[in-house]
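Student: Can you walk me through this structure? I'd like to start with its pockets.

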Amino acid sequence: MRTPDLFRFNLRLLTGQWFRTLMTLLATAVGVAAVLLLTGMGEGARRFVLDEFNLLGNDVLIILPGRKETTGGLPPLTGEGTRDLTLDDAEALLRLPGVRTVAPLVVGLTEVEANGRNRELVVVGTSIELFRMRQLNAAQGQLLPVLPLERAEPVCVIGAEVRRSLFAQQPVLGRWLRTGDRRCRVIGVLEDRGVSLGTDMSEAVIIPVASAQQLFNTQGLFRLFVQVQHLDLIEPLKPSILDLIQSRHQGERDITLITQDSLLGVFDDVLQLLTLAVGAIAAISLVVAGILIMNITLISVSQRTSEIGLLKALGASERQVHRLFLSEALMMTLIGATLGVLTGYALLWGGHWLWPQFPVSVPLWALLGAVLLAIGVALVFAWLPARKAARLPPVLALKGMTDAQH
Amino acid sequence: MIRLQQLCKCYQLGDEPVQALDHVDLEIGAGEYLSVMGPSGSGKSTLLNMLGLLDTPDSGRYWLDDIEVSALGEEARAAERSRRIGFVFQAYHLIERLSARENIELPLVLTGNAPDERRARVDELLQRLGLDRHADHLPNQLSGGQRQRVAIARAVIRKPALLLADEPTGNLDSHSGQGVIELLEELNGEGITLVMVTHDPAMGKRARRRLWMQDGKLIKDEQDAHA
Ligand SMILES: Nc1ncnc2c1ncn2[C@@H]1O[C@H](COP(=O)(O)OP(=O)(O)O)[C@@H](O)[C@H]1O
Ligand SMILES: [Mg+2]
């Protein structure tokens, strides 16, 4: 039988029973679309997070106060004995050969008042270096001034969202804000990078680190970012940093060093696993579609018993009858899968259109996997009914009997 | 052309065995016109199905054109059916979703003939059977006589040597039945071997050779002297 003939023969069958066909197409399409949609969203989330965290650059080391024990040793004494990470530590680190810049970070929540409005906002204390590391630019005015780290100044840079919520459309440069019990003058507004995960600056008020320490009445830093002069220096610098801190903290190595890569690696692994899991769940719906296909093929076989007998009387071989029924299921699946791919992409692009920040991309493995799984499921589930049809003795089939009775 | 030797077939009806064919010996020459008559349940259809390789005997041997087809496997039998045998059934067995033309060309589709070649052969047959106006009609738009003509066209489209008809007029009124019989006889006149099962003695008498069956046995084999 020629392929175009087979195609036409099957098409006649499928259009002849359009309701049955529609239901199967729907089941397959939903299964394929679900796989694409869920993995597409998972992959989107992964890229989104990676993009966000990548802003820091991979030549940056992150120092956290306190040690996270990962390799045996004494049990960590939570909090106790942990010394603050201080601005003096930051300055000592800056003098370490191979270090380009150091940016301190103090973060706290406080009442911010301006223009007669009150908001509970994140206040970030840092230096100009952080803006450079994160490639943050000012949309208006300037970033923090270049100051010695321990100099407090009554100035601030505000995020785009803060500007909107406190000042609406009014001019802001030179206006005064009250953060907690002190006042500061707005000297700049950050450019709006839209929604962002991680350390979100658009809803923060950024002040010099020393001002923030006074505001929150602390000596300790929340984080220290160390940018090295060259990527290759990251690994050799780790022990030097630990040694330096140890010598400054009375022999305690009470910090944790994280690289951008290791952080991303963890995220990447988790998110990839999530995408995989979500894709697998969606794949179950494809198996359900497969069971539907099996039922339909079974029904098709029993409804068409005398037709099978006829085909055999006309000289069709077992192989031909088998192929006829398999190809019917396969064709239905292919059409369904195509519809599913189209629907899945349409929905993803629709989502992207509504929320442009969210990257849309279906991993190739998910696309191929979904289509191949649909085909595989159809073949596996149609195989038995098709074989049953093929093995029917012609004389019994002509009489419309599906079970051989000897 | 056909030689049956001690052919037996036993069916189990409930827990009672039925001897549908009981040691049948038969020889049929090429171009013969046979009718098979006998009471209902005497084994006529079973015999025809055996001849048409649709059924397998329990014992005995069957030669078709010097090939011992009783020794062949199912796939080889399918090939022989396709090459040598045409079937006409009482119930037409047309595929309802296919047009008259598509039903007729089905054997050619199954063997993978090219569409152009198929079209030419189907057109020729349609014309000859007076069905050209009905080529694109579905079976349910045709009368019984027309349906049986379509079925006959389908049976002979591959020019088989043997045409088997199981009560081809059983579902037809006498007028269209007459037409169908005449068509079959015309085909026989062109050389095809025709074996026709019928329970109508008037129809059966038209054949040059007449078989009677009872309880699975051939009880009478009558041949016109001037054949
Ligand atoms: N598939 C079958 N299973 C059981 N019994 C059958 C089957 N086919 C035919 N028979 C029996 O075999 C006998 C002969 O049947 P058949 O050849 O159809 O007779 P006829 O065509 O002469 O009426 C009948 O008794 C019938 O009941
Ligand atoms: Mg019968």
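**Pockets, strands and cavities**

Student: Which element gives the largest share of the lining of the largest pocket?

Tutor: That's β1(B), which supplies five residues. Helices (H or I, at least four residues) and strands (E, at least two) are DSSP runs numbered from the N terminus. One caution: this is a predicted model, where local features need pLDDT of at least 70, side-chain atom pairs count only at pLDDT 80 or more, and totals for chains, interfaces and linings use all residues. Residues are numbered from 1 along each chain as its sequence is written, chains are lettered from A and ligands numbered from 1 in the order written, and side-chain values use heavy atoms, without hydrogens and water.

Student: Okay! How much space lies in that largest pocket?

Tutor: About 820 Å³. On a 1 Å grid over the protein atoms alone, a pocket is an open set of points with protein on both sides within 12 Å along at least five of seven lines, a cavity is a set where a 1.4 Å probe fits but cannot get out, and lining residues have an atom within 4 Å of a point. Volume is the space filled by probe spheres set on the points, which are joined across faces, edges and corners.

Student: Which residues are closest to its centre?

Tutor: Of the 34 lining residues, the closest are Val395(A), Leu396(A), Lys399(A), Tyr11(B) and Asp55(B). The elements supplying at least two lining residues each include α12 (394-398) of chain A and β2 (16-28) of chain B.

Student: Back to β1(B). Which strand do five bridges join to it?

Tutor: That is β4 (residues 59-64) of chain B, and the two run antiparallel. In that pair, Ile2(B) stands opposite Leu64(B). They belong to an open, antiparallel sheet of four strands, in the order β2-β1-β4-β5 (chain B). Two strands count as paired if DSSP finds at least two bridges between them. At the edges, β2 and β5 (67-68) of chain B each pair on one side only.

Student: New topic: how many cavities of 30 Å³ or more are there?

Tutor: Three, from a search of the whole structure. The largest cavity has a volume of about 120 Å³. Its lining includes Asp5(A), Arg8(A), Glu102(B) and Arg118(B). Two or more lining residues come from each of α1 (3-16) of chain A and α3 (100-110) of chain B.

Student: And what is the span 270-294 of chain A like?

Tutor: It is 100% helix and 0% strand, with its end C-alpha atoms 36 Å apart.
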